Amino acid sequence: MSDIVDPVKDLERLQAEGIAVLRTDRPTVAPLQFLLFHLGQWIDDRHIATIQETFPDARRTFNPVFIHLPADGCRLTDLARMANMSKQAMAEIVDEMIALGYLARFPDPKDRRAKVIVRAQKGLDAHRAAMAAFAQIDRDLAARMGKDHLSELRDSLSKALDAIETADDAEADL
């Protein structure tokens, strides 16, 4: 239910309140999430643009598949679980990638009722292009911020992820 009674007055009131909140609740240092989001966006934009130079039909939405699909393939349900996506959402992406030639689907030799999804040749070629793009992005970042700073950033982020995983594992054991 909307709390809008008088559109003109309510717009002015909400705009003034929004300005006041954003001015007074602003952190003194940029939140880590903000920094990581924008760095990740910068990397992702360059990554997909580089891949699209060779594979113009590649899309950002393919990332969960390329990131989580094991080298020897897997079933759709397992891929969706690893990517933390619904089976239906993953199926849409996989179907599109099969239609474009990035993936192939075969009967599972262990259970003929199930299907195994693997990278097709185009998917393997795209994977190679993606790895080359990551290497180029690392070189670009090193040139912009210095090799030592990039190495420190990588080490710090790795330590943070390790600490989070360790804490999460400890909580799960409780």
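Tutor: We will take a few labels and set each value against its definition. This is a predicted model: local features need pLDDT of at least 70, side-chain atom pairs count only at pLDDT 80 or more, and totals for chains, interfaces and linings use all residues. Residues are numbered from 1 along each chain as its sequence is written, and side-chain values use heavy atoms, without hydrogens and water.

Student: How do you know what confidence the predictor has in the chain?

Tutor: Look at pLDDT, the predictor's confidence in each residue, from 0 to 100. The chain averages 93, and 99% of the residues score at least 70. (Helices are DSSP runs of H or I with at least four residues, strands are runs of E with at least two, and both are numbered from the N terminus.)

Student: What makes Arg 59 and Glu 96 a salt bridge?

Tutor: The rule asks for a side-chain nitrogen of Lys or Arg within 4 Å of a carboxyl oxygen of Asp or Glu. For Arg 59 and Glu 96, the closest N and O atoms are 3.1 Å apart. So the pair meets the rule. Arg 59 lies in the loop between α2 and α3 and Glu 96 in helix α5, so the pair ties together parts that are 37 residues apart in sequence.

Student: How many salt bridges does this rule give?

Tutor: The count comes to 13.

Student: Why is Asp 111 called buried?

Tutor: Buried means under 20% relative accessible area, exposed means over 50%, and partly exposed is in between (1.4 Å probe, protein chains only). Asp 111 has 19%, so Asp 111 counts as buried. Asp 111 also forms a salt bridge with Arg 75, at 3.8 Å from N to O. Asp 111 lies in strand β2 and Arg 75 in the loop between α3 and α4, so this pair ties together parts 36 residues apart in sequence. Arg 75 has 28%, so Arg 75 is partly exposed.

Student: Why is Asp 173 called exposed?

Tutor: Its relative accessible area is 67%, so Asp 173 is exposed. Asp 173 lies in helix α7.

Student: And what makes Leu 32 exposed?

Tutor: Leu 32 has 58% relative accessibility, so Leu 32 counts as exposed. Its place is in helix α2.
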